[in-house]
Amino acid sequence: MWRGEDTLKLLIVDDEKGIRDLLRKYALFEGYEVEETDNGMDAVTLCREHEYDLIIMDVMLPELDGFSAVREIRKTSSVPVLMLSARGEEYDRIHGFELGIDDYVVKPFSPKEVMMRVAAILKRSQHQWDTPEEIIRVGDDMIINCSAHQVSIHNQPLDLSPKEYDLLLYLVTNRGIALTREQMLSKVWGYDFYGDDRTLDTHIKLVRHKLGPYADKITTLRGVGYRFEKD
């Protein structure tokens with residue numbers, strides 16, 4: 001939700017006042033407008049009543065946990081979400097990404113890094129690489145409709161999150177090319193700094209699972225990255 005030249009607005013959701021104060025300080029320094037709350041239920045209500053450009057959401061919250069809050073917010077909004085958590089288990093990361101969050105940062109964290117990730121998400125939300133084709137066909141029955149942001153196999157649409165779609169599109173438009181992790185994090189996540197390989201690897205796992213018979217099209221290149229194989 002971009003508002004032209006207006007100041008971008010963040011919603012910070014965390015039940016620890018010290019963390020909210022720290023993130024607010026850094027966000028204001030970066031020129032963002034900031035609102036905050038300490039529980040998930042209020043976050044859902046605020047998102048129904050106001051527009052935000054990005055939400056920083058803690059997982060462990062009173063009244064409604066962060067995952068449940070994101071699930072409710074996603075019913076009416078596609079606002080980017082950066083999730084904070086004291087837990088770094090793969091299950092939590094996968095669960096968050098399946099709900100459509102954009103990034104996941106484990107506590108304790110550097111507030112400067114969080115702001116860099118916020119900037120990368122916002123930049124990625126505003127810009128998308130050009131795709132020369134409106135319809136991309138893979139094999140006999142996989143179709144990517146770029147204008148509709150829709151992927152189907154056997155005429156059945158895949159339930160892809162926005163980030164999963166972006167990742168798959170980038171892989172497919174570079175079929176047969178070895179893509180490094182750095183390239184993929186830069187193009188899909190917008191990171192101009194070091195990225196989190198676990199974020200990329202988790203999304204690859206999710207995309208492979210949803211591709212079914214086309215899962216083996218994504219080849220892991222150990223020590224390098226990934227490649228989407230040509231037909």
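**Entry 1: strands 11 and 12**

I looked up T220 and found that its bridge partner in strand 12 is Y226. Strand 11 and strand 12 (residues 225-228) are paired antiparallel over four bridges. I count two strands as paired if DSSP finds at least two bridges between them. Helices (H or I, at least four residues) and strands (E, at least two) are DSSP runs, numbered from the N terminus.

**Entry 2: basis of the model**

I note that this is a predicted model, in which local features need pLDDT of at least 70 and side-chain atom pairs count only at pLDDT 80 or more, while totals for chains, interfaces and linings use all residues. Residues are numbered from 1 along each chain as its sequence is written, and side-chain values use heavy atoms, with hydrogens and water left out.

I traced an open sheet of three strands, in the order 10-12-11, with antiparallel pairing. Strand 10 (179-180) and strand 11 (218-221) stand at its edges with a single partner strand each, so one side of each has no neighbour in the sheet.

**Entry 4**

Strand 7 (residues 142-145) pairs with strand 8 (residues 150-153) in the antiparallel sense over four bridges. I looked up I143 and recorded S152 as its bridge partner in strand 8. These two strands form a hairpin with four residues between them, and H149 in the turn has a positive phi of about 55 degrees.

Strand 8 also pairs with strand 9 (residues 156-157), antiparallel over two bridges. Here I153 stands opposite Q156 in strand 9. This hairpin has two residues between its strands, and H154 in the turn has a positive phi of about 55 degrees.

I placed N155 in the loop between strand 8 and strand 9. Its phi is near 65 degrees, a positive value in a residue other than glycine. N155 counts as exposed because its relative accessibility is 69%; buried means under 20% relative accessible area, exposed over 50%, and partly exposed in between (1.4 Å probe, protein chains only).

I found E63 in the loop between strand 3 (54-58) and helix 3 (66-73). The phi of E63 is near 70 degrees, a positive value in a residue other than glycine. E63 is exposed, at 63% relative accessibility.

I found D15 in the loop between strand 1 (9-13) and helix 1 (17-29). D15 is partly exposed, with a relative accessible area of 38%.

**Entry 3: a cis peptide bond**

I noted that the peptide bond from K107 to P108 is cis, with omega near -5 degrees. P108 lies in the loop between strand 5 (103-106) and helix 5 (111-126). For context, I recall that most peptide bonds are trans, and that most residues other than glycine have a negative phi.
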